[in-house]
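Try each task yourself before you read the solution.

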Amino acid sequence: MNSVKRCRHSRTRGLPTLLAGALTLALTLTGGPATAAQQGTLHELAAAQGKYFGSATDNSELPDAAYTAVLGSEFGQITPGNSMKWDTTEPVQGQFNFAKGDVITDFAAQHGQSVRGHTLVWHSQLPSWVGALPPAEVEAAMTHHVTEEAAHYRGKVTAWDVVNEPFNEDGTFRTSPFHTAMGTDYIATALRAAHAADPDAELYLNDYNIEGLGAKSDAMYALVSELLDEGVPLDGVGMQAHLAVQYGFPYQMQANMQRFADLGLDVAVTELDVRMQLPADAAKIATQSTYYRQVVEACLAVERCVGITVWDYTDKYSWVPSTFPGQGAANLYEENLLPKPAYYAVRTALGGEGGPGEGGGPGALRAQYRSSDSSTGDNQIKPGLQLVNTGGTAVSLSDVTVRYWFTADNGASRYSTWCDWSPIGCSSVTHRVAALGTPKAGADHYLEVGFTGGSLAPGAATGEIQLRLNKSDWSNFDESDDYSHGTGTSYADASKITVYVGGEPVWGIEP
Ligand code: G3I
């Protein structure tokens, strides 16, 4: 059974991705003073290579609309961080509660995402009643739990982490109520129960520190080899990949993945993040980007690596700071949901265009935009802008200008411009409106923003710059046709806002 169910994770969007690529190329060739616009989500890029790209999430995060906007669009797969664990789904013996997990599968269904079920049998987040059972009753309780939960999610979960973290670091089996009661047989028993309850789900064993060759991954290799020999239903191995800048990259990750694949198993990267000792600095950020890139490269190189899940996509909701005090910054997006250099490294590794990757110079500056203006027909235009340095070298802001392109519509030709707020201080932000000699579609003027000084370190962002402009007669605009206008209310890359360093275009496409 372990060779037939490989592709159900992927929502393949190869054609739109190719078309988007063609569009980017055309725009570049027609001589727009531009870096290529960013095309395709992480999942679209991965799907074009036959993989999925997903994220963990949790119920407490779903009221955050800015967060779910990215979760629902950038990722093609989600894993519940907590809501399918035993302490949530069967807190009292025989009393099942799938409400939280159902919210996650509903979200996935609404967004066309697949779900990895996490997790059926684990020593942690286990309600105390399990440990209090006489050993003779543990097998029946475990089988009942696995059966009820896997049956409940049948058709909604494509893969299950049936057993999570069965090993100690040295490759010996971890003590748990299950191991105490049944020895290592509990693993085959759990897999068989899961298969009986949901014959279509792909069944995984999942663990951390098994990404590279070593004692722990050798133990997993020996275990899965034995299970396959015995005909136990098993489809794959999940490598959590909770990496840390200070501990180095897993030894020979690709070769390790390949040896599991050669057994006829799928491999999934199930919980990727790369933490660091805080504060972050350029060297750690560069190492982190490299590790993320290397994980993507390893997965792409191994045909049976089906996809990658990050253990939540933003530092805002990372498990790291509470578990490892003093460490953090482990995720692809920072706390304000802005993509970090690691995000661009992943994009580039997945074959994305427009990603400057690591080590770029000023060309790695990006403009991000959000509309702070609910009315497109009133007498003010209110762009929110921010610059992100995704490169490896600092950028001197006094060399940088940004243009937001708009049409004046009717009324006076003189303007007032304002910076209402910015964490870098509005006193360091300059702004003016200039008219185009030759009007373009959607633009006969632009708001030009500059800086009196300061510098943007690698990986740093200016933070938002809240801008506003009006005509001297306070007549209305029609912003709906303005070239740079957008409707997004959270910051996102904006290819129709242009950035210049020393007058040279480095980002965006002019009208
Ligand atoms: O929901 C309660 C809340 O009501 C309470 O006020 C609060 C106070 O501590 O705790 C909340 O529960 C927390 C839960 O996450 C939900 O946020 C738990 O304390 C906390 O321990 C739990 O941490 C989870 C951790 O597993 C537990 O081991 C993390 O969110 C989750 O990301 C993490 O995920 C694990 C994978 O399952 C397995 N691999 C490692 C990975 C990281 O530890």
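**Exercise 1. Find the volume of the largest cavity, then work out what lines it.**

Step 1: the largest cavity comes out at about 50 Å³. A cavity here is a set of points on a 1 Å grid over the protein atoms alone where a 1.4 Å probe fits but cannot get out, and lining residues have an atom within 4 Å of a point. Volume is the space filled by probe spheres set on the points, which are joined across faces, edges and corners.

Some housekeeping: this is a predicted model, where local features need pLDDT of at least 70 and side-chain atom pairs count only at pLDDT 80 or more, while totals for chains, interfaces and linings use all residues. Residues are numbered from 1 along each chain as its sequence is written, and side-chain values use heavy atoms, with hydrogens and water left out.

Step 2: look for the lining residues, among them Val121, Trp122, His123, Arg174 and Tyr186.

Step 3: sort that lining by class, and you get six nonpolar, three polar and two charged residues. (Ala, Val, Leu, Ile, Met, Phe, Trp, Tyr, Cys and Pro count as nonpolar, Asp, Glu, Lys and Arg as charged, and the others, Gly among them, as polar.)

**Exercise 2. Work out which strand gives the largest share of the lining of the second largest cavity.**

Step 1: this cavity has a volume of about 30 Å³.

Step 2: its lining includes Lys85, Trp86, Thr119, Leu120 and Val121.

Step 3: strand β3 (residues 114-121) gives the largest share, three residues. (Strands are DSSP runs of E, at least two residues, numbered from the N terminus.)

**Exercise 3. Identify the residues closest to the centre of the largest pocket.**

Step 1: the largest pocket holds about 610 Å³ of space. A pocket is an open set with protein on both sides within 12 Å along at least five of seven lines.

Step 2: of its 34 lining residues, Gln240, His242, Glu271, Arg275 and Trp319 sit closest to the centre.

Step 3: β7 supplies the largest share of this lining, three residues.

Notes
Helices (H or I, at least four residues) and strands (E, at least two) are DSSP runs, numbered from the N terminus.
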